[in-house]
Amino acid sequence: MTDPDTLEPVRTNEVRWRGRTLLHFSGCDYFRMARHPALRAAARSVLSGRGLNVAASRLTTGNHPIYGQLELELARWFDCESAVVLPDGYLAPVAAAQALTGDFTHALIDEASHGALVDASRMLDCPVIQFKHRDALDLAQRLQNIGQPSRIVLLTDGLFARDGSVAPLQAYLKVLPARALILLDDAHGVGILGENGRGTLEHEGVDRRRVIQCGTLSKAFGAYGGMVLGVRSLRDRILGRSRCFIGTTPLPLPLAGAALAGLRLLGSAGARRVRLRRNAGWFRAGLQEAGWECAETPGPIVRLPMCAEKVSEAVKLRLLEAGIYPPFLRYGAGSPQGAFRFVISSEHTLPQLRAALGALAAYGSAPRTGTMASKSRR
Ligand SMILES: Cc1ncc(COP(=O)(O)O)c(C=O)c1O
């Protein structure tokens, strides 16, 4: 594996790449909060007043009050009983799984789950069975094969970054045994989905009783850090049993300060979510009008069908000519050939969205190599 190209964000929607400044339609800074003056000021203020880090686990001498404050505000923001902050989003499901080790006879995992969940599943100390991507019928079949009595945990992403689809939580809960739990990696859903940005649960109309929601502060919230949202007893168990909580230095203090600023900014501004939805809907509709089949997904991730290699190369060139960095990804095993995946921001302007649509329009009916991996739904 060679090093990836370097890419440097320079302005709200632009990056420096190979000496050029190009429009940017990738990354997960959905609201462009990572460069927001309020977050930068919060990080600076904490840095100058309190320093860089606590240099100790929270369970020894590193439990700075800012972490408790952040957890309190997270619990309020997400309307849940308690929150635990982890050094990053990858560790959030791992910490939750370490807290739950030994509780389950079987884990079922969506085959397209993020690596964080794959690693988390290995911490559960039980057999792990894959089911087909977003397929509640396949899940039901596998549950039938397991039989009774069993204690089940299901692991899935909420909003899948590879194609923008959403896990059908309602359908899963219908087929899961009554006492089963869902361990949800909602890294892309938190702050984005649902009326109040509370993520995939809110979008799917599912309450928290049977779902542990994990997330990151590095995407919608523009800062950094991981979170586990759940009941107080889960929090107690993470503090008591999760090695990646017990044995790590917590989030650097300025990032905790920036996360608080990000939460407050996004909380008070549903307007950002409205702009994000409007932009993504407008862009998707424009693509469909130009002949691209792209799924009706509720978030800001717009993946195009895989094209013949010659077509992909032509589209890349066309985008570069239009001053746009080509967001072409080989994302996971489902897409070894790669595909274009546009990530829309609330801060993209209409002329910027039009520029991307203009570059793509001519290829709307160019030859494809396959259909979308899965038909997504709202
Ligand atoms: C689905 C998913 N889970 C977890 C993570 C990890 O989050 P973080 O970057 O905060 O470690 C990512 C990051 O890209 C992700 O896409």
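**Group meeting: domains, sheets and helix pairs**

Let me start with the layout. The protein is divided into domain 1 (8–30 + 270–361) and domain 2 (37–267). Those bounds come from an automatic or database domain assignment.

A word on the source. This is a predicted model: local features need pLDDT of at least 70, side-chain atom pairs count only at pLDDT 80 or more, and totals for chains, interfaces and linings use all residues. Residues are numbered from 1 along each chain as its sequence is written.

How far apart do the C-alpha centres of domain 1 and domain 2 lie? The answer is 27 Å. Where the domains touch, 17 residues of domain 1 are in contact with 17 residues of domain 2. Contact here means C-beta atoms, placed from the backbone, within 7 Å. On the domain 1 side, α11 (270–289) and β11 (301–303) are the elements that give two or more residues. β11 gives the most, with three residues. Helices (H or I, at least four residues) and strands (E, at least two) are DSSP runs, numbered from the N terminus. The touching side of domain 1 divides into eight nonpolar, five polar and four charged residues.

Next, the sheets. Three strands form an open, antiparallel sheet in the order β1-β2-β3. Strands pair if DSSP finds at least two bridges between them. β1 (8–11) and β3 (20–23) are the edges, each with a single partner strand, so one side of each has no neighbour in the sheet. From one strand to the next, the twist averages 40 degrees. Angles run from 0 to 180 degrees between N-to-C directions, and axes are lines fitted to C-alpha atoms, for helices over the stretch in contact. Strand β2 (residues 14–17) is joined to β3 by four bridges. Which residue of β3 is the bridge partner of Glu14? Leu23.

The other sheet has seven strands. It is open, its pairing is mixed, and the order is β4-β10-β9-β8-β7-β5-β6. Here β4 (82–86) and β6 (128–131) stand at the edges with a single partner each, so one side of each is left without a neighbour in the sheet. Neighbouring strands are turned by 20 degrees on average, direction ignored. Inside the sheet, β5 (residues 106–110) and β7 (residues 152–157) pair in the parallel sense over four bridges. His106 has Ile152 of β7 as its bridge partner. Helix α5 (residues 136–146) packs on this sheet, touching β5 and β6, and its direction makes about 150 degrees with that of β6. Helix α8 (residues 232–241) packs on the sheet too, touching β4, β9 (211–216) and β10 (226–230). The direction of α8 makes about 30 degrees with that of β4.

Last, a helix pair. Helix α3 (residues 91–100) and helix α4 (residues 115–122) pack at about 15 degrees, with their axes 8 Å apart. That makes α3 roughly parallel to α4. Angles under 35 degrees count as roughly parallel, over 145 as roughly antiparallel, 65 to 115 as roughly perpendicular and the rest as oblique. Pro93, Val94, Ala96 and Ala97 of α3 meet Ala116, Leu117, Asp119, Ala120 and Ser121 of α4. These contact residues divide into seven nonpolar, one polar and one charged.

Technical notes
Two residues are in contact if their C-beta atoms, placed from the backbone, lie within 7 Å. Ala, Val, Leu, Ile, Met, Phe, Trp, Tyr, Cys and Pro count as nonpolar, Asp, Glu, Lys and Arg as charged, and the others, Gly among them, as polar.
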